[in-house]
Amino acid sequence: MEHGEDHELRNLLREWSVPDAPPSLDRRVLAGRHSGNAWWRFLLTGSIRIPVPVGIAFVAALLVLLGGTLRQRNAPAPAPSTVSLVDFHPVSDLNVRVIRRHDAN
Amino acid sequence: MTGADFREAYEQHKDLLYRFARRMTGSNEMAEDVVHECFLQLWSGRVAYQPERGPLRGFLVGVTRNLALKRLTRERSFDPLQDDIATCGPLDPADRERGLIVAQAVASLPPLQREALILAEYEEMPLEEIARSVGADLAAVKSRLHRARENLRRMLAPLLESKGRANGTR
């Protein structure tokens, strides 16, 4: 009975037929295959898979590099080459004494 | 994969994959998109075929199946993919064409039952190959197929009965 029902169901299912692949699919697949090789297409639409640890290492390296660049940019500017005269006090008691050689001896 | 290998694979399997995708999605356009994407992935190396894991046909059916389910999930998000125990009531045959009624009945099956039925009944693939293609074990495929047939018998009961009476078996 079960087999008879299966056979009957199978025959009924066969009454629904669908067509084979249309020619438009041939054009899409076979044409797509040739244009799929173009390097510029890969640059525009391609994707690559990278392992998670490599991705993490790459992002970490990028962050370190970025941090270094920012630190360099925010570091205090080197001291200017001009001399500050804020602490300069002019000599108030000017007493010139000429020392000659025989005076020194 | 060389160009010649690819072309041979395409010519050999395109019809089966298209029919499978067509019956799974119920749409010519979606079926064409899905099969196109399947072969594009094969050619670009986004999916890698390993001969030791079974014949190319089963591999391509698996890729097509995943793409079709993704499309179905996106476009009909209310379809419960995991609903293995869903049951369907009988269809009203009215005076429509029998093929259309069968199509509607198959389309009403939950996707996992539908794919098992299409591959087993229409494409006559061995159950082991179906199991490999859909990433399930053999028992699960048998169970889905059994439920699919039960559902179809229930949905198509009016047609099966009239056919039985016409043949004098009931």
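How many residues does helix α3 of chain B have, and how far does it reach from its first C-alpha to its last? Helix α3, residues 56-75, has 20 residues and reaches 28 Å, close to the 28 Å expected at 1.5 Å a residue. The expected span is 1.5 Å times one less than the number of residues in the helix. Helices here are DSSP runs of H or I with at least four residues, strands are runs of E with at least two, and both are numbered from the N terminus.

Before going on, the conventions. This is a predicted model, in which local features need pLDDT of at least 70, side-chain atom pairs count only at pLDDT 80 or more, and totals for chains, interfaces and linings use all residues. Residues are numbered from 1 along each chain as its sequence is written, and chains are lettered from A and ligands numbered from 1 in the order in which they are written.

Confidence next. The model scores ipTM 0.77 and pTM 0.66. pLDDT is the predictor's confidence in each residue, from 0 to 100. Chain B has a mean of 86, with 82% of its residues at 70 or more. Chain A averages 81, and 79% of the residues score at least 70. In chain B, pLDDT stays under 50 over residues 163-170. Where pLDDT is low, the predicted coordinates should not be read in detail.

Now the chains. Chain A has 5 helices and 0 strands. Of its 105 residues, 7% count as buried. Buried means that 20 or more other C-beta atoms lie within 10 Å of the residue's own; exposed means 12 or fewer, partly exposed is in between, and the C-beta atoms are placed from the backbone. Chain B has 8 helices and 0 strands, and 39% of its 170 residues count as buried. Of the contacts in chain B with a separation of 6 or more, 67% are between residues 24 or more positions apart. A contact is a pair of residues whose C-beta atoms, placed from the backbone, lie within 7 Å.

Back to α3 of chain B. Its buried residues include B:F59, B:L60, B:V61, B:G62 and B:L72. The buried residues of this helix pack against α1 (3-25), α2 (28-44), α5 (111-122) and α6 (127-134) of chain B. Take B:G62, which is in α3. Why does B:G62 count as buried? Because B:G62 has 20 C-beta neighbours inside 10 Å. Leaving aside neighbours within four places in sequence, B:G62 is in contact with B:S133, B:V134 and B:G135. B:G62 and B:A131 are 69 residues apart along the chain, and their C-alpha atoms are separated by 9.6 Å.

The largest nonpolar core has 48 residues, and those with the most contacts inside it are B:L17, B:A21, B:V35 and B:C38. A nonpolar core is a set of buried Ala, Val, Leu, Ile, Met, Phe, Trp, Tyr and Cys residues joined through C-beta atoms within 7 Å. Beyond four places in sequence, B:L17 is in contact with B:V35, B:C38, B:L60, B:V61 and B:T64.

Helix α7 of chain B has 18 residues and reaches 26 Å, close to the 26 Å expected. Its buried residues include B:V141, B:R144, B:R147 and B:L152. B:S143 is in this helix too, and counts as partly exposed because it has 17 C-beta neighbours inside 10 Å. From B:S143 to B:Q113 is 30 residues in sequence and 8.7 Å in space, C-alpha to C-alpha.

One loop residue deserves a mention. B:E124 lies between α5 and α6 of chain B. With 7 C-beta neighbours inside 10 Å, B:E124 counts as exposed. Its phi is near 50°, a positive value in a residue other than glycine.

Last, the interface. The contact takes 20 residues from chain A and 29 residues from chain B. On the side of chain A that touches chain B, α1 (2-13) and α2 (23-35) of chain A each supply at least two residues. The residues of that side divide into 9 nonpolar, 4 polar and 7 charged. Here Ala, Val, Leu, Ile, Met, Phe, Trp, Tyr, Cys and Pro count as nonpolar, Asp, Glu, Lys and Arg as charged, and the others, Gly among them, as polar.

How values were computed:
Two residues are in contact if their C-beta atoms, placed from the backbone, lie within 7 Å.
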